[in-house]
Amino acid sequence: MFSSIRSRLLSLMLVAVLGGLATALGRLWALWRIDETTGRQLQQVSHGMHSLVLIESAGMEFKKQVQEWKNILLRGNDPDSFAKYKKQFGASADKVQSRLTELSARLQGGEDLAEADPGRVQRIAALMAAHAKMRETYLSALSSFDPQD
């Protein structure tokens, strides 16, 4: 009778240990899946944040470009100031184009959520073209600008 109770207890303990082990393995697998999913989501958020930083940076550079245009018109009366502000206007315009080009490349390269809105790359290209056209229009207007006026 002792061996029968002993064998039953050992069997019960073995079942309990195996059950606990199966539960622990199941929970480890679930944690691994959560970690994998979280890692992917964090990467997507990181890429999205980088794109937002590029957009904001392009916007700030555009504001600087507008300020440099105002400086040309308001403070560009002597040739040195005119050349300085015109150079800064061009530098700001180049930075805007650079940021937008980098953003477009990120979206085309699939480094961001391009599949969510496939028209984004085309809208950025249209923005870049409009910005370049505006720059050329402003520079052509400067050809008739009289700093003495």
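Reader: Why is W69 called buried?

Author: W69 has a relative accessible area of 15%. Buried means under 20%, exposed over 50%, and partly exposed in between, with a 1.4 Å probe and protein chains only. The value of 15% falls under the cut-off, so W69 is buried. This is a predicted model, where local features need pLDDT of at least 70, side-chain atom pairs count only at pLDDT 80 or more, and totals for chains, interfaces and linings use all residues. Residues are numbered from 1 along each chain as its sequence is written, and side-chain values use heavy atoms, without hydrogens and water.

Reader: What makes the pair of W69 and F89 tilted?

Author: The ring centres lie 5.7 Å apart and the planes stand at 50 degrees. Rings of Phe, Tyr and Trp (its six-membered ring) pair if their centres lie within 6.5 Å; planes under 30 degrees apart are stacked, over 60 edge-to-face, and the rest tilted. An angle of 50 degrees belongs to the rest, so the pair is tilted.

Reader: Why does this pair tie together parts that are apart in sequence?

Author: W69 lies in helix α1 and F89 in helix α2 (residues 79-108), so the pair ties together parts 20 residues apart. Helices are DSSP runs (H or I, at least four residues), numbered from the N terminus.

Reader: How do you know whether F89 is buried or exposed?

Author: The relative accessible area of F89 is 1%. That is under the cut-off for buried, so F89 is buried.

Reader: What makes W69 and Y138 an aromatic pair?

Author: Their centres are 4.4 Å apart, with 45 degrees between the planes, and the pair is tilted. W69 in helix α1 is linked to Y138 in helix α3 (residues 120-142), 69 residues away. W69, F89 and Y138 form one aromatic cluster.

Reader: Why does Y138 count as partly exposed?

Author: Y138 has 29% relative accessibility.

Reader: Is L25 buried or exposed, and what is its relative accessible area?

Author: The relative accessible area of L25 is 52%, so L25 is exposed. L25 sits in helix α1 (residues 2-75).

Technical notes. Helices (H or I, at least four residues) and strands (E, at least two) are DSSP runs, numbered from the N terminus.
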